[in-house]
Amino acid sequence: MAELQEVQITEEKPLLPGQTPEVAKEAELAARILLDQGQTHSVETPYGSVTFTVYGTPKPKRPAILTYHDVGLNYKSCFQPLFQFGDMQEIIQNFVRVHVDAPGMEEGAPVFPLGYQYPSLDQLADMIPCILQYLNFSTVIGVGVGAGAYILSRYALTHPDMVEGLVLINIDPNAKGWMDWAAHKLTGLTSSIPEMILGHLFSQEELSGNSELIQKYRNIVTHAPNLENIELYWNSYNNRRDLNLERGGAVTLKCPVMLVVGDQAPHEDAVVSREFWGGRGRVGVLGWWSEGYLAKRQALFGTGRATMGPKRLIPGKNEMGMGLMGKELGSGSLGPLEGRGHREYNVIHSASCLHQVECNSKLDPTQTSFLKMADSGGQPQLTQPGKLTEAFKYFLQGMGYMASSCMTRLSRSRTASLTSAASVDGNRSRSRTLSQSSESGTLPSGPPGHTMEVSC
Ligand code: BEZ
């Protein structure tokens, strides 16, 4: 293995004339980032070669941070804004980082020959032990986005002793259902692969807003020289198996998990509830469905109505039958409320994310934090690196890796609400919310086991 280099910058370095300690610290950070270029390696595995880049030096008795990126991206386009964020430096200087590029996604990767059998997501997960053996690392904390989150979860399920913690951003633990497949095929008739991938990464709102970030990522995906390879990774993602997570069952993640979702994640993820409203407001919830499901069903069958937007009510006269809808997520029965003059509405919860809510309900509540991030679009690690850094710090602190003295200004400036997963209604986990002000800077420590909503 090539020698890893560590840049030693001593605390006693004299300040330059007129330089404040703050400016010196900024300069030190900039130098550290500039000099630590990372070391790229490739290893052969039973499923082909895999490339990864290592930053920092291994720290005794500390796990490595291992990242896995989403479809359409590589480790740099997915994680650089997060790992180069200023406040992140005080965290990552304590850990070696291993950033995996899915095969064919590394910079300069040649296009695979026609007919190349790209590994399934499960096989991508099975490549990880080869990387860790090569580096002689014994445990990791995984940070994954989308397809990468799925791959790291699969790895954690098959190698529970190797994974100390998981940060899963935008995970969908389910295989595509027949409805998703039909909608996928329909979309494929009119959309290009880059458009479909952009629709997976970002919400329609973000895409039509066409911010600088969107322009940048549209350019990255549309003009990728390895687009054929990206399509292969995309196909593997779409062919994923169900993770089959079950709370308390044999298939569950044993380590602390932080589930993260942006509140404007792509539209498939919004949650719609079918609710009964009477004179004094809401009197009951009949069931929960994904807004994407309603949109797909409408596209396929032309019945009913699916509407996007902030929480609003839609009189439910001409909507689809409950039988088929109920199959998607299950439904509760209100029995006596029916036929008493209450009106039914679809209530659109634009700030929720079905897959993560569902995933949350299938994980051990004492080990799982659920972070729903405001104003973050589909890729919170790109748009809100500060909030994510703060949450990551709490997560590591809960695992005993960050001293509380490391809590910075970020923790003093907002209110967090802690929610412990409670009863399950249908397939949806209900939450009890306990609000706690963090004015004193005493946000949750101890084992992660709460939903922490950071909204600012
Ligand atoms: C890191 O320091 O881990 C890092 C640096 C650049 C890009 C991604 C990660």
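1. N136 is located in the loop that links α4 and β5; helices (H or I, at least four residues) and strands (E, at least two) are DSSP runs, numbered from the N terminus. The structure is a predicted model, in which local features need pLDDT of at least 70, side-chain atom pairs count only at pLDDT 80 or more, and totals for chains, interfaces and linings use all residues. Residues are numbered from 1 along each chain as its sequence is written, and side-chain values use heavy atoms, with hydrogens and water left out.

2. The backbone of N136 has a phi near 60°, a positive value in a residue other than glycine. With a relative accessible area of 69%, N136 is exposed; the classes are buried under 20%, exposed over 50% and partly exposed in between, with a 1.4 Å probe and protein chains only. D375, also not a glycine, has a positive phi of about 50°. D375 sits in the loop between β12 (368-373) and α14 (380-383) and counts as partly exposed, at 47% relative accessibility.

3. The loop between α4 (121-135) and β5 (140-145) also holds T139. T139 counts as buried because its relative accessible area is 17%. Its side chain makes a polar contact of 2.6 Å with the side chain of E164. A polar contact is a pair of N or O atoms within 3.5 Å; within protein, one must be able to donate a hydrogen and the other to accept it, and residues adjacent in sequence count only if both atoms are side-chain atoms. Apart from neighbours within four places in sequence, T139 is in contact (heavy atoms within 4.5 Å) with P63, A64, D161, M162 and E164.

4. Which residues are around the ligand? They are Y55, Y75, Q80, F83, Q84, I92, R97 and H99, where a residue is near a molecule if one of its heavy atoms lies within 4 Å of it. An oxygen atom of the ligand is 2.7 Å from an N or O atom in the side chain of R97, and an oxygen atom of the ligand is likewise 2.7 Å from an N or O atom in the side chain of H99. The protein covers 96% of the 270 Å² of accessible area that the ligand has on its own; accessible areas come from the Shrake-Rupley method with a 1.4 Å probe, and for residues only the protein chains shown count as cover.

5. Two or more residues of the ligand shell come from each of α2 (75-83) and β4 (97-101). The largest contribution is that of α2, with three residues.

6. I169 belongs to strand β6 (residues 163-169) and is buried, with a relative accessible area of 0%. From I169 to G148 the C-alpha to C-alpha distance is 8.7 Å, at a separation of 21 residues in sequence. Beyond its neighbours within four places in sequence, I169 has contacts that include G144, V145, V260, P380 and L388.

7. C78 is buried, at a relative accessible area of 0%, and C255 is buried at 7%. The count of disulfides (pairs of cysteine sulfur atoms within 2.5 Å) comes to zero.

8. For the protein chain overall, there are 16 helices and 15 strands, and 54% of the 456 residues count as buried. Of the contacts between residues at least 6 apart in sequence, 75% join residues at least 24 apart. The accessible surface comes to about 20300 Å², of which 52% belongs to carbon and sulfur atoms.
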